[in-house]
Amino acid sequence: MKTKYLCPKCRNSLNINSLIILSGKTRTGLKGIVMLKGDLGDYTSSFSEDFTIVEGNKVTFSCPICHRNLSDIKNKNLAHLIMVSEEGEESHIYFSRIYGEKCTYKITGKEIAFEYGEHKNLYRPDWLIEKL
Ligand SMILES: [Zn+2]
């Protein structure tokens, strides 16, 4: 079994091979499909045609299956997914909804298992500590 990414709301799988597929919407009402790399720390992303995102834009991600919002309840700048490792261990993944902000947090149990990205200090410690 490979690494899987699940919607925290409906628990359906959101990845095709190593790509995570999400629906996205900007504040100005643009809508599109977003593809993220499932390798944590790789911030290469792709957007569907005419879904033009520039640095600093905040994207509201939603599940393409149940359409529910994936924004974190406490920190609205972060989106939340569940990651299931090859061994079946579940972690919570949080990443910034603001395009250009490179930070990803992986929380397994009560511990920060990994933090990634050049902006990883932006959302810690206050928000993260509350999660642990
Ligand atoms: Zn869902």
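A: Arginine 11 is found in the loop between strand E1 (4-6) and strand E2 (15-16), and in this predicted model its phi is near 60°, a positive value in a residue other than glycine.

Histidine 67 is not a glycine either, and its phi is positive, at about 65°; it is found in the loop between strand E6 (59-62) and strand E7 (78-84). With 11 other C-beta atoms within 10 Å, histidine 67 is exposed.

E1 is joined to E7 by three bridges, and the two strands run antiparallel; tyrosine 5, for instance, has methionine 83 in E7 as its bridge partner. This pair belongs to an open sheet of five strands, in the order E1-E7-E8-E9-E10, with antiparallel pairing. E1 and strand E10 (111-116) are the edge strands of that sheet, each of them pairing on one side only. Neighbouring strands of the sheet are turned by 30° against each other on average, if direction is ignored.

Isoleucine 16 has leucine 19 in E3 as its bridge partner. Two residues lie between the strands of this hairpin, and asparagine 17 takes a positive phi near 50° there.

Strand E3 (residues 19-26) and strand E4 (residues 31-37) are antiparallel and pair over seven bridges. Within this pairing, isoleucine 20 stands opposite leucine 36 in E4, while serine 23 has isoleucine 33 as its bridge partner. The hairpin of E3 and E4 has four residues between the strands, and there glycine 29 takes a positive phi near 95°. E3 also pairs with E6, again in the antiparallel sense, over four bridges, and threonine 26 stands opposite valine 59 in E6.

E4, in turn, is joined by three bridges to strand E5 (residues 45-47), with the two running antiparallel; here the bridge partner of methionine 35 is serine 46. The loop between E4 and E5 holds leucine 40, which counts as partly exposed because it has 19 C-beta neighbours inside 10 Å, and a residue needs 20 or more to be called buried. Setting aside residues up to four places away in sequence, leucine 40 touches Thr104, Lys106, Phe114 and Tyr116.

In soluble globular proteins, nonpolar side chains tend to be buried together. The largest nonpolar core here has 20 residues, and those with the most contacts inside it are Leu14, Leu22, Phe61 and Phe95. At least two residues of this core come from each of E3, E4, E6, E7 and strand E8 (90-96), and the largest share, four residues, comes from E7. Phenylalanine 95 touches Leu78, Ala79, Cys103 and Thr104, again not counting residues up to four places away in sequence.

Finally, the whole chain gives these parts their setting. The chain has one helix and ten strands, and along the sequence the pattern reads β-β-β-β-β-β-β-β-β-β-α. Of the 132 residues, 23% count as buried. Among contacts between residues at least 6 apart in sequence, 41% join residues at least 24 apart. The C-alpha trace spans about 40 × 35 × 25 Å along its principal axes. A compact globule of 132 residues would have a radius of gyration near 14 Å, and the chain has 14 Å, so the two agree.

How values were computed:
Residues numbered from 1 in each chain as written. Predicted model: local features only at pLDDT ≥ 70, side-chain atom pairs only at ≥ 80, totals over all residues. Buried ≥ 20, exposed ≤ 12 C-beta atoms within 10 Å, placed from the backbone. Pairing = 2+ DSSP bridges. Axes fitted to C-alpha atoms, helices over the stretch in contact; angles between N-to-C directions. Rg over C-alpha atoms; globule rule 2.2 N^0.38 Å. Contact = placed C-beta atoms within 7 Å. Core = buried A, V, L, I, M, F, W, Y, C linked by C-beta atoms within 7 Å.
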